[in-house]
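The exercises below ask for a careful reading of strands, salt bridges and chain contacts. Each task sentence is followed by a solution that goes step by step.

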Amino acid sequence: HMAEDSPELLQHVKFQSSNFENILTWDGKPESIPGTVYSVEYKMYGEPEWLAKVGCQQITQKSCNLTMETGNLTELYYARVTAISSGGWSATKMTERFNSLQHTTIKPPDVTCVPQVRSIQMIVHPTPTPVHTTDGHQLTLEEIFQDLFYRLELHVNHTYQMHLGGKQREFEFSGLTPDTEFLGSIVISVPTWSKESAPYVCRVKTLPDRTWT
Amino acid sequence: LKILHLGSCVIVTNLQEIQSEFSEIRDSVQASDKNIDFRILRNTGSLQDTEPSDRCCLLRHLLRLYLDRVFKNYQTSDYHTLRKLSSLANSFLTMKKDLQLCHAYMTCHCGEEATEKYRQILSHFEQLEPQAAAVKVLGELDILLRWMDEAE
Amino acid sequence: EVAALPAPQNLSVHSTNMKHLLMWSPVVLAEETVYYSVEYQGEYESLYTSHIWIPSKWCSLTEGPECDVSDDITATVPYNLRVRAILGSQTSAWSILEEPFNRNSTILTLPGMKVSKDGFHLVIELEDLGPQFEFLVVYWRKELVTKEHDKVVRRGGIPVPLETMEPGAPYCVKAQALVKAIGRNSAFSQEECVEVQGEALPLM
């Protein structure tokens, strides 16, 4: 019994990439027909063969981690999913051309906010990614994106914020009022790729000034 | 703005703006390229792996390819795509004029490497029918932009 | 025989701070509403595909005798612009802008700025002129005119702290607008000075 094409079995086959973690996701027909299984293949743009993704053959869940298979930043990839229902119907759908440099989104940075009496320090920690160089060195976002920088805002009151920015990892907002609460917000920005992370937010209070007590 | 160091030829270009314009039509252009088993701009011919002294010449050839045989052969009735293509083409024309200045000042030398790499790219291009080749190479514009971005 | 619809006349472009306005004399017909259609071609089109004209993003059918072509002019090359009148099914001949327009001829005005103090902080807020604009801000303590500081502010419309001020000493600020896309900048604005009340510390 030849499986016939049944496109509604399979929808929205696409990569969801965040900090270079590349997950292939799709939607199946509404759950009314259980027992549909999915098989994933991938390939490099420009290559003739499709390669089966080990671990994502005849699976029932609707996602597959292709981070390792699509990890070369200079390459472009396609992935496709074949769905086969218990009644023998099938559908195959392909992603758009994917390149993790272009498509990955950036997660908020990991930051430590340290209050002092009249200042607040903000220390941004490097962000590791699953991308490795040929000699096995694990790359951080900062190493991948040459023009990556951090943008920091300190909300002093409802009308006025202080701004700092740069590539360094340590920042200090100074000239603040002791024993006062501030809201800090730090984003990662990558201008060349027009990428910007959601903010890391820290609420922090400057220390009381005990010099005259 | 991005400063492109191409050997002793240095030009300034708004790569981010070009990238942003192309990203608005990339998916639709790439979707119209049905032949995904074949690639014209291959890593073997990349700008950043070319001798710095030959990069200006290779880029000049590539820009001319886009201006002469890609932008004008890509057919679309969609005005949004047409506007983006016009924006890309005129930005490419600006870059080509800057490279022409380098050529005039003898800082855009065509060595063997650039000539051979461009010959290969052209042979890939000419294996396809003109319209299909234009669609494919336009879809590969992000590859060229990354080459330029990495050609530091 | 229906009289031919006259073509719009006196085309000109008024460009200030990278906002480009194509204007023309309206076609006036008693008790009729005349519409207009605007098209453009960049230098690429005029050199490589001269038959191609592209409908303006905002004015493929517009009523007023002007059109904001800022979103059409996206490269620093000469652009041809043309307009025609439309009345029902009738269209006039095209009128073409006499001289091609290049955005590098835009007029750059002095940037509006508001200098203030917040506690001991010297704060500036610059006019928001759009994403193509950055600003060079120069500030100094009045008695130390030789010791100027400068800072590039990436965008207008938000208050930016420049320095922590000493009480009792006036601080002055001036700014100019920078447009990298055309490699030009405005003149410097007038300087504005503010001071935090209190005893001025002796200068070291």
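## Exercise 1: a sheet in chain C

Six bridges join strand 1 of chain C to strand 2 (residues 19-25) of chain C, and the two strands run antiparallel. The model is a predicted one, in which local features need pLDDT of at least 70 and side-chain atom pairs count only at pLDDT 80 or more, while totals for chains, interfaces and linings use all residues. Residues are numbered from 1 along each chain as its sequence is written, chains are lettered from A and ligands numbered from 1 in the order in which they are written, and side-chain values use heavy atoms, with hydrogens and water left out.

Task: state the strand order of the open sheet of three strands in chain C, and name its edge strands.

Solution. Begin with the terms: strands (E, at least two residues) and helices (H or I, at least four residues) are DSSP runs numbered from the N terminus, and two strands pair if DSSP finds at least two bridges between them. The order in this open sheet of chain C is 1-2-5, with antiparallel pairing. Strand 1 (9-16) and strand 5 (66-68) of chain C are the edge strands, since each pairs on one side only. Neighbouring strands of the sheet are turned against each other by 15 degrees on average, direction ignored, where the axes are lines fitted to C-alpha atoms and angles run from 0 to 180 degrees between N-to-C directions. As a residue-level check, C:Ser12 stands opposite C:Met23 in strand 2 of chain C.

## Exercise 2: two interfaces of chain A

Task: describe the interface of chain A with chain B, and then the interface of chain C with chain A.

Solution. Contact (heavy atoms within 4.5 Å) takes 21 residues from chain A and 20 residues from chain B. The two chains bury about 1,800 Å² between them, 44% of it on carbon and sulfur atoms, where buried area is the accessible area (1.4 Å probe) lost on putting two parts together, summed over both. In chain A, the residues that lose the most area to chain B are A:Tyr45, A:Arg97 and A:Thr192, together 32% of what that side buries. Three salt bridges are counted between chain A and chain B, including the one in which the side chains of A:Glu75 and B:Arg39 meet (2.9 Å, N to O).

For chain C and chain A, the contact takes seven residues from chain C and 10 residues from chain A. This pair buries about 690 Å², 56% of it on carbon and sulfur atoms. In chain C, C:His121, C:Pro159 and C:Pro161 lose the most area to chain A, together 55% of what that side buries. The count of salt bridges between chain C and chain A is zero.

Note on methods: Salt bridge = Lys/Arg side-chain N within 4 Å of Asp/Glu carboxyl O.
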